[in-house]
Structure formats: structure tokens, C-alpha cells
Amino acid sequence: MLINAVPQRQGAVGPRAAELPDGCVALSELAGHVLGRPVHHVRQTRSVSEVDRGIAARAVLAGANRAAQLAALEAPGGPVLTIGGDCGVELVPIGVARFRHGPGLGVAWFDAHPDLNTAESSPSGAFHGMVLRSLFGEGDPEFAADPALSPGNVFLAGTRVFDPEERAAVARGLVVTSAEALTAVEKLYVHVDLDVLDPGEFAGLNYPEPDGWTIARLVTELDALAGFDVVGAGITECVGTPREVEVLEPVLAAIGRLLS
């Protein structure tokens, strides 16, 4: 298993976005300890570029940050765990997994938000709310995946806050809402945005939303995926301190079970 720490923050624009790199480091150090693997730190710039074509920090996201992320995946030699940073870090590892494993790749998307906006529909311009839509090959062509995920091969879990365009994407079948619907999936990637958790359960959330899951519920839902061949995973949007992230040990252990 390869653990990549990717401390990107430019995909997020909220008040705690600047804390994402430090949260990434704290969580990745814990992951290395829990999973008994070394952590590869992928260098990311902390500079922020202007909004361009509706996407905040577009030049940085599409430039040096992406190049470093791609270089880190040239020869993984096994399952990859990506620790973010914002959800935008998932564009590269899921895109690489789709290239390597073909159209049968599926994704379990544990996230309070579906991240199915485009630059035109996004109320914030933050790319972390567009990344899943981009992985379907839609939206800004600079970020649209090619090859793309197959419609219906992604299921949302714990998702509870939708923008209108995102509801429309769900209604037309771009994603599904249960693992049982992934009938054509041969390999699985597991994405965990920590905001799937309730803010009262874990304080280090970049974009907290009420009525989320407990840590125990998340672990149970992850363990339920044991029947899939899981080829990669990502954990994103942590702004917790080293002391705060300690409560996430069971989540990291569950991810480790899936990737082993």
C-alpha cells in the first residue's frame, strides 16, 4: 500500500481552507502509524491564483499541483491511499485508477456533498465541489477526466446537502444512492470526505454540515464494502490538529482493511 499525503488547499475557498495542509499532515502521520506504512509527502504550493472561468485558483490546480500528484502515481505498485487536502486531490488518483482498471471502476463517495457542480452552477467557484462531476468527463475541459467514470458506477453515501444542478445530475442517473446498484462494478475506489461525519463527532471539518454520521457508523459502512475489490481510497477535508485526529483511528483502520 502506498500512502500519499497531498496537502492541497486551493480547491477550497472557505474560512478554514488555509488549515487544510496542516490537517493533511496530521492525518497522514496518524495513517502511517495506524497502517504501518511510510507516508510519501507530495509537494504542493500554498499560493492561490485568481478565479478563472468560474474556478478559484484554476491555474494552480491545473499546473504545478496536478503535475506533482501525477508524478507520485507513476508506479504505485499496489493500492494507493491519498490523504488530502481538499476533495480536488481526488481528480488524479481516481482518474489514474479509471485509466488502469477500465470502465468497470466504481466509486463509493462518502461525503456530505455530492461535488457534482460545474463552474457554471457552482455558487462558490470552489473546485472541491466540482471534482466528481469532472471525473464523469463533464464541466471545464481542463479538468474533465478522459477516460471518464461510467454513469451509474458511483454511489453517494451520507450525502445530505445538494445544490439544484447536483440534484438534476442525480435525477438523470449520473450517480446512484446504494452500493447494491453498482451491478457493473469490477473494482472500487473509496472516497471519504470527513464532513460525512457530524460536527459534534469530529471537530476538524473544513466544511461541516449538521446531521452527519458517527465515527462508528462510518466504520460500519466502510466494512460493508469488504466484498468489493478496493483498489484505492482517499480521505479529504481534514483541518484537525494532531490531537483531534486521534479519534479517526478506527476510520483509518477500516480503510486499511479494505486496501489489504
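## Salt bridges in a predicted model

Arg58 and Asp140 form a salt bridge, with their closest N and O atoms 2.8 Å apart; the term stands for a side-chain nitrogen of Lys or Arg within 4 Å of a carboxyl oxygen of Asp or Glu. Arg58 sits in helix α2 (residues 58–62) and Asp140 in the loop between α5 (131–135) and β5 (154–157), so this pair ties together parts that are 82 residues apart in sequence. Helices (H or I, at least four residues) and strands (E, at least two) are DSSP runs, numbered from the N terminus.

A word on the ground rules: this is a predicted model, where local features need pLDDT of at least 70, side-chain atom pairs count only at pLDDT 80 or more, and totals for chains, interfaces and linings use all residues. Residues are numbered from 1 along each chain as its sequence is written, and side-chain values use heavy atoms, leaving out hydrogens and water.

How many salt bridges does a search of the whole structure find? The search finds twelve, among them these three:

| Pair | Closest N to O distance |
|---|---|
| Arg58 and Asp140 | 2.8 Å |
| Lys187 and Asp229 | 2.5 Å |

Lys187 belongs to strand β6 (residues 187–193), while Asp229 lies in the loop between α7 (215–223) and β7 (230–236), so their bridge links parts 42 residues apart in sequence. Salt bridges with shared partners also join Asp52, Arg53, Arg58 and Asp140 into one network.

Now for accessibility, where buried means under 20% relative accessible area, exposed over 50%, and partly exposed in between (1.4 Å probe, protein chains only). Arg58 is buried at 8%, and Asp140 is buried at 12%. Arg53 is exposed at 56%, whereas Asp52 is partly exposed at 25%.
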